[in-house]
Amino acid sequence: MNTAIAAVSARFAAWLPSGSTKAGPSLPQILKFFPSRSPPPFSRGRCGEALAQRVGSGTFNDVLVQRIGDKNVADAVKNILEMASRASLRREILQTDFLTPPVLKESISALEKLTDVKAVAHGGYPQAERCRISIGNTEIFTTEPDVVAALSISGNFEFEHYSHGDFLGSIIGTGIVREKVGDILLQGKKGAQVVVVPELAEFLISALNKVGNVPVSCQQIPLFALEYEPPRTKSSTTVEASLRVDAIASAGFNISRSKLVSLISNGDVRLNWSPVMKNGTILKTGDIVSVSGKGRLKIGEIKTTRKGKFSVELIRYL
């Protein structure tokens with residue numbers, strides 16, 4: 001048993017981020033995963049299935065998600081782990097809705113730790129940001145299920161430029177919730193392509209007839225017809241006294257700091273796809289800040305000036 005406990009401690013430590021100072025699980029926590037008078041379930045086969053089933057327990061899932069700093073992301077990942085437990089127990093394949101990039105990344109990382117469970121992300125094309133995850137027992141997960149569909153939204157956009165938000169707003173306006181919609185690929189004057197759950201494709205084809213003031217038509221297209229191009233960006237640099245989100249984002253979106261604070265209060269500012277709750281939230285390289293109706297920007301390289309201020313590279317998505 002001591003050897004088994006040491007093995008579990010090592011596995012827990014491996015799931016923590018590099019350089020973490022968090023302590024490993026206590027002995028009582030470890031012992032919760034071992035039924036009395038039975039061997040620890042480390043091997044594959046029936047014992048492996050027992051371990052996969054235990055992943056559905058609240059305590060085990062809490063351990064898997066404890067390193068995730070964002071509570072909303074952690075809760076979403078925990079729900080997906082519970083879905084994985086059901087899929088393993090029932091020997092079936094289940095799908096999530098479309099997930100935001102942070103939830104997608106953390107979910108895949110956690111699911112990779114499970115035995116006898118296979119997880120595959122589907123976004124319609126290799127570079128997709130928003131994806132669904134199919135989760136199933138490895139013994140029955142022999143082919144990838146068809147869980148996304150692609151639509152072409154066509155119209156005369158030659159005289160009016162419409163953004164990602166405009167197309168998304170029109171789609172949501174038909175009554176579809178955001179979680180059923182994947183990436184939207186703008187095509188300039190031609191319109192856009194959108195990835196959705198297959199069961200809503202026919203509904204959108206009949207219900208979506210206008211984007212802004214432009215009449216549009218929708219038709220389903222094969223996934224290989226999706227035309228992905230790297231997003232156009234524009235880089236600039238700002239020098240600020242702090243890395244607070246209200247200071248950096250106001251410079252990046254060229255709006256007043258007071259206006260940015262108001263947008264935060266209204267829930268219109270997101271950091272890595274989660275609502276910003278505090279004006280003083282500190283940003284770091286790689287963070288994505290989005291403002292409703294303004295678009296997105298990425299925080300690039302951060303340098304400290306001789307005067308102790310911060311020179312921040314801002315990469316604005318056009």
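## A network of salt bridges

R244, D246 and R257 are linked in a network of salt bridges; a salt bridge here is a side-chain nitrogen of Lys or Arg within 4 Å of a carboxyl oxygen of Asp or Glu. In the pair R257 and D246, the N to O distance is 3.3 Å. R257 belongs to helix 10 (residues 257–265) and D246 to helix 9 (residues 245–252), 11 residues apart. Helices (H or I, at least four residues) and strands (E, at least two) are DSSP runs, numbered from the N terminus. D246 is buried, with a relative accessible area of 3%, while R257 is partly exposed at 40%. Buried means under 20% relative accessible area, exposed over 50% and partly exposed in between (1.4 Å probe, protein chains only).

This is a predicted model, in which local features need pLDDT of at least 70 and side-chain atom pairs pLDDT 80 or more, while totals for chains, interfaces and linings use all residues. Residues are numbered from 1 along each chain as its sequence is written, and side-chain values use heavy atoms, leaving out hydrogens and water.

## Other salt bridges

By the same rule the count comes to nine salt bridges. One of them joins K180 and D97 at 2.8 Å, N to O. K180 lies in the loop between helix 7 and strand 5, and D97 in the loop between strand 1 (93–95) and helix 6, 83 residues apart.

Five strands form an open antiparallel sheet in the order 5-6-4-8-7; two strands pair if DSSP finds at least two bridges between them. Strand 5 (181–186) and strand 7 (210–211) are at the edges with a single partner strand each, so one side of each has no neighbour in the sheet. Strand 4 (residues 149–155) and strand 8 (residues 214–221) pair over six bridges. In this pairing, A150 stands opposite I221.

## Helix 6

Eight of the 11 residues of helix 6 (residues 101–111) are buried. Among them are V103, L104 and L111. The buried residues of helix 6 pack against helix 5 (71–90), strand 2 (117–122) and strand 3 (132–137).

## The whole chain

The chain has 10 helices and 14 strands. Of its 318 residues, 41% count as buried. Among contacts (heavy atoms within 4.5 Å) with a separation of 6 or more, 61% are between residues 24 or more positions apart.
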